[in-house]
Amino acid sequence: MQLSIIVPTFNEAPNVAELVRRVADAVRGIEAEIVFVDDSTDATPDVVREVAASAPLPVRLIHRDKPTGGLGGAVVEGMHAAASDACLVMDGDLQHPPEDIPTVFARFQRGDVDVVVASRYISEGSAQGLADHTRVMVSRLSTMLTRAMFPIRLREVTDPMTGFFVIDRTAVDLEGLRPRGFKILLEILARKNLRVAEVPFRFADRFAGESKASVRQGVRFLGQLTALRFGKMSLFAIIGGVGAIANLAIMWALIELGMHYIPAAIIGAEVTIIGNFLLQERFVFQDMRSDATGVWSRFAKSFAFNNVEALVRIPVIALLVNTWHLSSVIAAAITLAVAFVVRFMFHSLVVYAPRRAGATSRAREIVDEIDAQAASPGEL
Ligand SMILES: Nc1nc2c(ncn2[C@@H]2O[C@H](COP(=O)(O)OP(=O)(O)OP(=O)(O)O)[C@@H](O)[C@H]2O)c(=O)[nH]1
Ligand SMILES: [Mg+2]
């Protein structure tokens with residue numbers, strides 16, 4: 001098998017026969033199969049079985065009763081099941097013209113890239129099949145936003161949101177993906193540096209059936225983008241921010257109750273440190289707990305770090321004010337910003353470090369690890 005064509009479908013019954021017919025025509029001379037990954041509630045699975053029986057190429061059906069991860073999850077499942085490492089992904093509504101498959105695959109077969117993206121936004125490509133002006137605008141704006149957020153990884157990709165591409169599945173860590181929503185290619189490209197080439201294609205009109213794109217998908221996409229870009233670090237920051245507010249509230253309440261401000265500040269800080277630890281255990285580093293040292297050891301490290309940090313920050317502020325003559329508020333802000341980054345690094349590299357990792361002292365590995373942690377998905 002040279003090529004597995006993966007088609008995610010959700011209620012595409014009227015499109016299946018036409019799709020298989022046109023794909024079969026287009027891939028003559030290529031040893032290919034079609035894998036439908038279906039989450040439908042209509043007759044799509046029956047139609048696929050019927051068409052498969054008389055199709056000139058192998059047509060398989062994976063029907064999922066539990067459609068985890070939506071469209072993205074379906075694509076990943078198809079890649080797992082594919083008979084060949086070369087996986088071509090396309091929509092089931094014929095907006096991705098099957099006649100372009102040979103061009104995309106030929107580019108892939110040159111062997112110098114891991115992914116070939118069929119793009120609506122280079123030279124002869126076109127997005128004309130998008131339903132209306134609003135959809136065109138939304139698509140262009142979200143593409144711009146996405147590229148701005150991943151300026152390096154997406155440098156050479158004009159259409160990271162397309163659902164039409166060929167990928168070498170061995171170049172992707174399928175287990176490490178957290179597919180959600182519509183944009184599986186973005187998920188793949190944002191997580192790992194891959195070699196990418198693009199070929200233009202003209203996005204056609206839907207052949208039949210109804211669009212599944214919606215405002216809800218749009219909101220989900222923004223969530224996916226944030227989680228991909230800022231991942232753990234943004235959750236860590238949110239928890240830190242909530243903690244700072246809680247700290248002040250506790251201190252205020254204790255002073256109101258008649259306590260001196262020094263013990264009030266200390267109690268506020270310690271309660272916050274403990275609360276933050278519990279929250280980050282649950283929401284930020286939950287996936288790393290099982291490989292790390294025990295919970296009391298993690299707590300001791302985290303607690304010690306935060307106390308040392310608080311103690312060190314005060315003389316550093318004094319130093320900044322006295323030697324650089326900065327205002328005390330700016331000096332405090334600088335120390336807080338630096339402390340935030342150091343705290344995140346300390347937690348992801350030390351507190352939650354895998355127990356068995358012995359020889360990770362080389363600078364390169366540390367940089368890679370920070371990069372991986374900062375971009376790894378959050379869970380809110
Ligand atoms: N397996 C699976 N496929 C899905 C799901 N949602 C959408 N799809 C399929 O993904 C492809 C793209 O969905 P479309 O509704 O065409 O989305 P779109 O192309 O962005 O929107 P239109 O331009 O309006 O067609 C189609 O083949 C859908 O059937 C899902 O939850 N599971
Ligand atoms: Mg479509």
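**Helix packing, sheet and ligand shell in a predicted model**

Student: In which hand does H1 pass H2?

Tutor: H1 passes H2 in a right-handed crossing, right-handed being a near helix turned clockwise from the far one by less than a right angle and left-handed anticlockwise. Helices (H or I, at least four residues) and strands (E, at least two) are DSSP runs, numbered from the N terminus. The model is predicted, so local features need pLDDT of at least 70 and side-chain atom pairs pLDDT 80 or more, while totals for chains, interfaces and linings use all residues. Residues are numbered from 1 along each chain as its sequence is written, with chains lettered from A and ligands numbered from 1 in the order in which they are written.

Student: At what angle do their axes cross?

Tutor: Roughly 20°, with the axes of H1 (residues 13-26) and H2 (residues 44-54) coming within 8 Å; axes are lines fitted to C-alpha atoms, for helices over the stretch in contact, and angles run from 0 to 180 degrees between N-to-C directions. H1 is therefore roughly parallel to H2 (under 35 degrees; over 145 is roughly antiparallel, 65 to 115 roughly perpendicular, the rest oblique).

Student: Which residues make the contact?

Tutor: Ala13, Val16, Ala17 and Val20 of H1 meet Thr44, Val47, Val48 and Val51 of H2 (contact: C-beta atoms, placed from the backbone, within 7 Å). The classes are 7 nonpolar, 1 polar and no charged residues; Ala, Val, Leu, Ile, Met, Phe, Trp, Tyr, Cys and Pro count as nonpolar, Asp, Glu, Lys and Arg as charged, and the others, Gly among them, as polar.

Student: On to the sheet. In what order do its strands lie?

Tutor: The open sheet has 7 strands in the order S3-S2-S1-S4-S6-S5-S7, with mixed pairing (strands pair if DSSP finds at least two bridges between them). S3 (59-63) and S7 (196-200) are the edge strands. The twist averages 20° from one strand to the next.

Student: How many bridges join S1 to S4?

Tutor: There are 3, and the two strands run parallel. Ser4 has Cys87 of S4 as its bridge partner. H2 packs on this sheet, touching S1, S2 and S3.

Student: What about ligand 1: which residues are closest?

Tutor: Pro8, Ala74, Gly92, Ser211 and Lys212 are the closest of 22 surrounding residues (near: C-beta atom, placed from the backbone, within 6 Å). S1 (3-9), S2 (32-38) and H3 (70-81) each give two or more residues to the shell. H3 provides the largest share, 3 residues.

Student: And how does that shell divide by class?

Tutor: It has 9 nonpolar, 6 polar and 7 charged residues.

Notes
Two residues are in contact if their C-beta atoms, placed from the backbone, lie within 7 Å.
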